[in-house]
Number of protein chains: 2
Amino acid sequence: MLAQPVREQLRAIVGERWFRDDAESLVSYSYDATPLYQSMPDGVIFPSSTEEVSAIMKVCAAHRIPVVTRGAGSNLCAGVVPLHGGLVMVMTRMNRLIEIDQDNLTATFQTGLNTKQFHTAVEETGLFYPPDPSSMIICTMGGNIALGAGGLRGLKYGTTKDYVIGLEAVLANGDILRTGGKLVKDVAGYDLTRLLVGSGGTLAVLTEATVKLVPKPDYRRAMVAIFADLPSAARTVSQIIANRITPCTLEFMDGATIKVVEDYAKIGLPTDAEAILAIEQDGEESQVERDLQLIEQICKSAGAIQVKVAATPEEGAKVMEARRSALAALSRLRPTTMLEDATVPRSKIADMVLEIQRIATKYDVQICTFGHAGDGNLHPTAMTDARDPEEIHRVEKAFEEIFEAAIRMGGTITGEHGVGHVKAPYLEWKVGASGIDIMKRLKAAFDPDGLLNPGKLFAETRKRIVFTGSEEAASQEQGQAQAQAASGTKAGEADGNG
Amino acid sequence: MLAQPVREQLRAIVGERWFRDDAESLVSYSYDATPLYQSMPDGVIFPSSTEEVSAIMKVCAAHRIPVVTRGAGSNLCAGVVPLHGGLVMVMTRMNRLIEIDQDNLTATFQTGLNTKQFHTAVEETGLFYPPDPSSMIICTMGGNIALGAGGLRGLKYGTTKDYVIGLEAVLANGDILRTGGKLVKDVAGYDLTRLLVGSGGTLAVLTEATVKLVPKPDYRRAMVAIFADLPSAARTVSQIIANRITPCTLEFMDGATIKVVEDYAKIGLPTDAEAILAIEQDGEESQVERDLQLIEQICKSAGAIQVKVAATPEEGAKVMEARRSALAALSRLRPTTMLEDATVPRSKIADMVLEIQRIATKYDVQICTFGHAGDGNLHPTAMTDARDPEEIHRVEKAFEEIFEAAIRMGGTITGEHGVGHVKAPYLEWKVGASGIDIMKRLKAAFDPDGLLNPGKLFAETRKRIVFTGSEEAASQEQGQAQAQAASGTKAGEADGNG
């Protein structure tokens, strides 16, 4: 619990109503959408302005209180679990869309703004903000920026990283930093904007952002290609890219995922197929039609057993919604759903999917794979049960081997979900000892006292924490995981990230 | 001069031939394309591999020897002038194009590779690397990356920042760091790749890079619109963007620039016009033609007195080459050409061009303005004479006021040339005291002993160094500038940056 004078200072900043430390509030903000992680904060605070955030940070700096900044909590990397207690700073009151600037094709907003609401407002002006994480109905733009969120349209349009051109952030000492601006070209000093994007709340509290917008495409059309075997589907992905076509969306679902999604969404997917590609193109109508024709030919010559172009926009939208619902659908199968985010160069998709299947068999775990095939970003998803430590241990081992495989193929441990706490033990595999060393120095440069989201990004132990009584287990973490497993928390279900 | 044992260690690493400290070599590497700056190094070294760079850095770290990494030296921010002496590390032997990966649409190369050669090799495969700084015939990819180079195609395609997805770099202590990879999605830790892009040799020595490629557009066509007054041309730029058209290139030249370019390039530009827009679109043929028709209408209704669409690709290429030659053409007028890089939100182009004209009149200096109107990136260029300290003082004052105006309009002090030494005194105007403080901490995190390119990015004095006997002058710098002025160095002429 925070000391009485601190609580009074915090209440004086935000008002009585917006600082809470009752048991219900503390429990509510003790976890996020990531299964198996929970830790109690000492207080929850809801600032309404950058000035309030600055004042809060000054109090926290003076009293060495950890601060975890949180949007909707829909992340899948235990990114906002308050592992070291302290204050959870919830940004959802700071949700104002400040401006859509149609002359400069930019938008500026407070970071607590909901992503879907933002999309809607932008599209009403005839402009377009492409990044579309599957959690967009509930997540916040600030969360997207903090974790460098991706989405289904990343192949053609890039991810959040490629759109943020200006930020307002509050530093650990309470200073307010402004980076970038309404400028598509700006090389004045180090790129602090891009350093803060994806920094997961460990460097600063993001309060405002300016993003680039693009003209909204006139026309879009979707298609589905069905395959009797996995390698044919994967080869098709490579061939589409090799033919110099960049679809807006190029999504993959394996056979197991198809069955579950069809059962959930009921849109007529063939449940006996081994792989599906859901493809969408947007742009000028005649170009889109030409691209779809060429893609259809490529799918067929690569061995698709059926190719179906959506007859209406509604039919197309249904296909993409079905794909977006994959995690929600899969999470109905077993009590615990663990979704990963390994990413490989797109030419390695076939190898990677087969490797995931081999690993799942080896450890006797149920793993479905879906994801953004066009950019090599796969979401192998384990359906498991947190109450069974032995099974969870096998799942952990399988994921570990999947990360290893991704790295071996020139890939990465996370394409769009972020490192957070969950992947911290693996970060060194990707960035090396010198990468970890430099990143720790950067962290210290921004946050010398380690107050911002401690326990994230950098592993507190070198070994993976597993949820069994094995020699690798860290007893405290294990205790938490078991407590959560016992309480049946399954936050991933409510989310739909991926 | 370096101590004998150090020289021996360096010679042992690269071989006798590739370490030099004769007077001619030292003078040759004492300046870059920026007028008025010169400082002698203690040695020049030409590594042939990353391992050699690492070994060199270990020697320099042990003996606290400053290191300035250099490509072609075509920068315009005194970015590679060895202000504190030490070693100039010339990367031009490390110029191997390692791979063009057509499946993953990436290219990997050593950083000493020439930009134009790289473009040619990429385009031979049917792929395209858009960033096209005007100096591309002579500059290196490493220089482009170190300074975040832009170019004429930035409006539609973005700049170097938007293409670099992986780096190999040698740190100040000789450690080798690898970031990113052939991955369009990667959120594993802080974005070190983007932090190094634009860091101007102050954080690490860049040895290898991986960049994204895009399919080469099938078709391109250029046009020229001629205006009797400046505000009409500027309004046209805004209206093109507001009509949701994103041309590949949207360049501006004012009346004074037109006269000089026509005299130099002789392509039939109307020398009585007050402003010209040179516009190019690329993509699918019918879409390009539609865009050009719409742009033609917009130009006419905004008051263009003539609009001319290129009849042939050769004619189009000539227009763009004429624009690229602007700096070379202007530099023939007077002994010294000083080119700046102020950038504003694109909606402020008209205000900014008029403000530049007002400021030029106020200080009685000759300033021509051209640049990348579509992304708000202007190059006001002063034709002056470094031998006349009083005139140079007025030029400096004028530029200072231009930077102030850019910042006031929400712009930046440099859009694509980088801060280097020249703009260091102004960086705080853009990023604020907390921005400077954080950037200095980042610098210290990478390079605690300050060995990498010292004297760049951060001002060594708070005031602008001017080349007169005024109270603001730093006598050493003044001495150097006068020495160079006396020797008639005018490196900008050989370059064609901008």
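Me: Which element gives the most to the lining of the largest cavity?

Reply: H5(B) gives the most, with 5 residues. The model is predicted, with local features needing pLDDT of at least 70 and side-chain atom pairs pLDDT 80 or more, while totals for chains, interfaces and linings use all residues. Residues are numbered from 1 along each chain as its sequence is written, chains are lettered from A and ligands numbered from 1 in the order in which they are written, and side-chain values use heavy atoms without hydrogens or water.

Me: What makes the space a cavity?

Reply: On a 1 Å grid over the protein atoms alone, a 1.4 Å probe fits at its points but cannot get out, and therefore the space is called a cavity. The structure holds 13 cavities of 30 Å³ or more. The largest cavity has a volume of about 560 Å³, a volume being the space filled by probe spheres set on the grid points.

Me: Which residues lie nearest the centre of the largest cavity?

Reply: B:Asn75, B:Gly143, B:Asn144, B:Ala146 and B:Leu147 do, out of 46 lining residues. Each of these counts as lining because it has an atom within 4 Å of a point of the cavity. Strand S3 (67-70), helix H5 (141-147) and strand S10 (205-212) of chain B each give two or more residues to this lining.

Me: What is the volume of the second largest cavity?

Reply: The volume is about 450 Å³. The second largest cavity is lined by 35 residues, and those nearest its centre are A:Gly142, A:Gly143, A:Asn144, A:Ala146 and A:Leu147. Strand S3 (67-70) and helix H5 (141-147) of chain A each give two or more residues to the lining. H5(A) gives the most, with 5 residues. By class, this lining has 11 nonpolar, 22 polar and 2 charged residues.

Me: How many residues does the contact take from chain B and from chain A?

Reply: The contact takes 80 residues from chain B and 78 residues from chain A, where contact means heavy atoms within 4.5 Å. The two chains bury about 6,300 Å² between them, 57% of it on carbon and sulfur atoms. This area is called buried because it is the accessible area (1.4 Å probe) that the two parts lose on being put together, summed over both.

Me: Why is the meeting of B:Arg194 and A:Asp191 called a salt bridge?

Reply: The rule asks for a side-chain nitrogen of Lys or Arg within 4 Å of a carboxyl oxygen of Asp or Glu. The N to O distance here is 2.9 Å, and therefore the pair qualifies. Across the interface of chain B and chain A the rule finds 11 salt bridges.

Me: Which elements of chain B each supply at least two residues of the side that touches chain A?

Reply: They are strand S9 (176-180), helix H7 (192-196), helix H8 (230-242), helix H10 (285-301) and helix H15 (427-446). H15(B) gives the most to this side, with 12 residues. The residues on the side of chain B that touches chain A comprise 31 nonpolar, 29 polar and 20 charged.

How values were computed. Helices (H or I, at least four residues) and strands (E, at least two) are DSSP runs, numbered from the N terminus. Ala, Val, Leu, Ile, Met, Phe, Trp, Tyr, Cys and Pro count as nonpolar, Asp, Glu, Lys and Arg as charged, and the others, Gly among them, as polar. On a 1 Å grid over the protein atoms alone, a cavity is a set of points where a 1.4 Å probe fits but cannot get out, and a pocket is an open set with protein on both sides within 12 Å along at least five of seven lines; lining residues have an atom within 4 Å of a point.
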